[in-house]
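Hi,

Here is the structure I promised to pass on. Have a look at it first, and then read my notes below.

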Amino acid sequence: MPGRTVAKLATVTAVIAASVLAVAPTAHADLVTHCIGTGGAVTVPNDLLVPAGESCALTGTTITGNVTVAAGANLVVTGGRVSGEVRVAADGYLDATETSVDGQVVLAAGGYGVYLSDARTGAVTVRPKGTATIDSFLFAEAATIAGNVTVGAGEVRLDRGTQVERNLSSTGTYYTDVHDSFVDGTLSVLNSATGSVVCGSAVRGRATFAGNLGGVQLGPNGALDSCASGGYWGADVSVTSTAGGVTVDDNIINGGLTVTGNNPAAQVAANNRIRGGVTGDQAAPSANRAARMADADRDDAGDQRAETRRTSAVQEATAAGAAKL
């Protein structure tokens, strides 16, 4: 299994005890439904709150208002719909499967994470970590995000046919990877701690990768992750000021490729089709294979650490849910 690929993300669903939905008034006398436990195929005619430190699992539930997941709380929604937005506080967790969120999804600084599977949402925002001790994640599989994705912290992976209908912007994340997905706007990955991988995907707008550590891999045969194919890029692609290695393999670029200020110099394979040519420093073709093999050997341990980190994150979420019962 590739080191940067997380196994099927477990959720806290199994550890949420059966309970009921309780209704309580807010300070403004509006009704807010408090969820602690589980709820079924009912309609909540107002806003919904998962109180701090609590867990809620909903199946087939329709929420006509907004949803708030308070600090340290967990919300798992399967086959549901939210007419408003979802806001997740510090150390909070949202798992949405086969669910539609008409508004935006916002994960606060220090939020635990957001997992979207076969779900549709508006814009998705992950706030910068700041002084928070928890580093977040955004994992999306077969999801549609009908707005911008803006991420400022943690681990980011879009996979299995995920579609972003506007722009994807990542700054200061642990990594940002895009597999078998589509970005209808621009793609920007800046200052990632362990780099970025884009494989088997299409990006319609300009793509910018700058200041990343740990490398940038566009297509297969790189050291960061395994994948079967490159991708399509509808405009210019720029990879600059990158440490840890740059590989560009099996891509179609309907624009120019800029590779400047990278250390080591970028490895641009001959099988790329680059309409606008290449600007910048490239590694000699004869050195490409040896460099890839050396990088792969060097990064095996790092890849294993990344896999262990993700597994630990899932275990911590499960344990946290169990402890709240």
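Let me start with a disulfide: Cys-199 is joined to Cys-227, with 2.1 Å from S to S. Bear in mind as you read on that this is a predicted model. The bond ties together distant parts of the chain, since the two cysteines are 28 residues apart. Cys-199 sits in strand β26 (residues 196-199), while Cys-227 is in the loop between β29 (216-218) and β30 (232-233). The angle about the S-S bond is -45 degrees, and the link of Cys-199 and Cys-227 is left-handed.

The two ends of that bond also have their own surroundings. Cys-199 has a relative accessible area of 1%, and the cut-off for buried is under 20%, so Cys-199 is buried. Cys-227 comes out at 23% relative accessibility, so Cys-227 counts as partly exposed.

How many disulfides does a search of the whole structure find? There are two. The other one is formed by Cys-35 and Cys-56, whose sulfur atoms are 1.9 Å apart. Here the angle about the S-S bond is 80 degrees, and the link of Cys-35 and Cys-56 is right-handed. This pair, too, links distant parts of the chain: Cys-35 belongs to strand β2 (residues 31-39) and Cys-56 to strand β5 (residues 55-59), 21 residues apart. Both Cys-35 and Cys-56 are buried. If you count the bonded cysteines along the chain, the disulfides follow the pattern 1-2, 3-4.

Next, the aromatic rings. The structure holds six aromatic pairs. Take Tyr-93 and Tyr-112: their ring centres are 5.9 Å apart and their planes are at 90 degrees, so this pair is edge-to-face. Tyr-93 lies in strand β11 (residues 93-97), and Tyr-112 lies in the loop between β13 (105-107) and β14 (113-117).

Finally, a few things to look up in the backbone. Where is there a cis peptide bond? One joins Asn-263 and Pro-264, with omega at about 5 degrees. You will find Pro-264 in the loop between β34 (257-260) and β35 (267-268).

Two residues other than glycine have a positive phi: Asp-180, near 50 degrees, and Ser-241, also near 50 degrees. Asp-180 is placed in the loop between β23 (175-179) and β24 (182-183). Ser-241 is in a loop as well, the one between β31 (237-240) and β32 (246-248). As for accessibility, Asp-180 is at 44% and counts as partly exposed, and Ser-241, at 46%, counts as partly exposed too.

That is what I have for now.

Best wishes

Terms used:
Residues are numbered from 1 along each chain as its sequence is written. This is a predicted model: local features need pLDDT of at least 70, side-chain atom pairs count only at pLDDT 80 or more; totals for chains, interfaces and linings use all residues. Side-chain values use heavy atoms; hydrogens and water are left out. Rings of Phe, Tyr and Trp (its six-membered ring) pair if their centres lie within 6.5 Å; planes under 30 degrees apart count as stacked, over 60 as edge-to-face and the rest as tilted. Helices (H or I, at least four residues) and strands (E, at least two) are DSSP runs, numbered from the N terminus. Buried means under 20% relative accessible area, exposed over 50%, partly exposed in between (1.4 Å probe, protein chains only). A disulfide is a pair of cysteine sulfur atoms within 2.5 Å.
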